[in-house]
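Biologist: Please show me the model, and then I will ask about its fold and a few local features.

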Amino acid sequence: MAVVHLPSQLASRAGAAEVALTAASVREALHALVDAHPPLDGWVTDEKGGLRQHVSVFVNDRQADLDTPLGDDDRLYVVPAISGGGGNGSGEVRVLVGTRKGLFVLAGPRGGELSVAERWFEGQNADFATVDRRTGVELAGVSHGQYGPRLMRREPGGEWEQADLAFPEDAGEVLERVWSVEPGELPGQLWAGVSPAALFESRDDGRTWKLNRALWTVPGREEWSGGAGGLCLHSICPWPGRPERLAVGVSAAGVWRTEDGGESWAWGVDGLVPRYIPEEARAETTMFCVHHVERCPERPQRLYLQFHGGVYRSDDEGASWVDLHTDSGLPADFGFPLLTDPRDPERAYVIPLVADVDRVTPEGKLRVYTTDNAGEEWQPLAGGLPQQGAWLTVLRQAFAHDGGSPLGLYFGATSGELFASADGGESWVTAARRLPPVLSVRCG
């Protein structure tokens, strides 16, 4: 029998994350799925019997259509596209901006100036903040100069409370910073990346957390070393619809991949060139300074990576990498933030900086660069952005999209400005000014 895997939103309606059934095609499987679980009627297919606009299906590891045949051993994955505010190109947007002086929640018209709707954690670093769009739960990694770091959690309409995220006593380490929180593919599942580099998992919507022991004790870990930002796990890339598959980025220890839900891990650095290491020492080094990694939801085998010198693409789930910089149109290959388009695996965005010794925008011009052919060529997007005297720095978590169509883009600089586009980067506005230095940006 074929097995249908459901994302958390649909699993809660069906009462199961996996459904086994007999069907000769994807179309037959979806009809059988609804027959067995009537609450799913209308959620995956529309009134005409076609797939919903923002729903994709995969058979095993390949994207499929309704007429794709199914065998008894096949696995069918229903994958919702990432969606967010302003999906019709208009409306309101809500943006969570983490800064060195607290968390600012900005609100206003999509593509226009935003105002401060809320401010939390005054006087503390809001290192990262996001919202789980499945539940509306907000999570914020905050740190205080005297009292240390913690992960805060807020239910919709509720108060902020501290989550139970800490290293177990036998790990011999203490939490230094929460770098990232990412929803998983199972109901209630969340992943958190922290410093010192470790991965935590929650199965109760972020209330309690458990250290992933397999990555914490992976052979060779004792040789890991950090970059300028310390030894940190900052990028978490779930595979849509497949909870057993995950990739993470560690500075400075490369990309790590699991195919069994975190029980075991494989290193993925083939093709990455650490130019900051003497050439004769590169074959033995573990210091692969990954700055950011993003997966393409519509083609999960593909990931893009911003390296400490180089922008790379992988088409084999992060096992090997191809350098995209050479003669491609980028003014520099150093930088921190990177985004992929949730609906187009050929399109990605980066914000280059001059180099590791001069971490500002090249020539004092603020430009976002995009590719529409998987990194073979890059073009600048600068309409509305300052092109003189803009010596800005944009950090790795300070670039986000809202999932809308056309895509809304948002990034913040350490100068305290937030820039926004409602048309995929073709035009920009300064959405907020005079904020504290921006550490993270996410749409809520």
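This is a predicted model: local features need pLDDT of at least 70, side-chain atom pairs count only at pLDDT 80 or more; totals for chains, interfaces and linings use all residues.

Biologist: What share of the contacts with a separation of 6 or more joins residues 24 or more positions apart?

Modeller: The count covers contacts in the protein with a separation of 6 or more. Among these, the share from residues 24 or more positions apart is 51%.

Biologist: Why do the buried residues of helix 2 lie on the same side?

Modeller: Helix 2 covers residues 26–36, and its buried residues are Val26, Ala29, Leu30 and Leu33. They are on the same side of helix 2 because they cover an arc of only 95° around the axis. In general, an α-helix has 3.6 residues a turn, so residues three or four places apart point the same way. The arc asked about is therefore 95°.

Biologist: Is Glu317 buried or exposed?

Modeller: Glu317 sits in the loop between strand 23 (311–314) and strand 24 (322–323). Its phi is positive, about 70°, although Glu317 is not a glycine. Buried means under 20% relative accessible area. Glu317 has 16%, so it is buried.

Biologist: Arg434 has a positive phi, too. Is Arg434 buried or exposed?

Modeller: Arg434 is in the loop between strand 32 (429–432) and strand 33 (438–443), with phi near 60°. The cut-off for exposed is over 50%. Arg434 has 75% relative accessibility, so it counts as exposed.

Biologist: Which residue does a cis peptide bond join to Ser405?

Modeller: The bond has omega of about 0°.

Biologist: What is omega for the cis peptide bond from Ser251 to Ala252?

Modeller: Ala252 is in the loop between strand 18 (242–251) and strand 19 (254–258). The peptide bond from Ser251 to Ala252 is cis, and its omega is near 10°.

Definitions and conventions: Residues are numbered from 1 along each chain as its sequence is written. Side-chain values use heavy atoms; hydrogens and water are left out. Contact means heavy atoms within 4.5 Å. Buried means under 20% relative accessible area, exposed over 50%, partly exposed in between (1.4 Å probe, protein chains only). Helices (H or I, at least four residues) and strands (E, at least two) are DSSP runs, numbered from the N terminus. The arc is that of the directions from the helix axis to the C-beta atoms.
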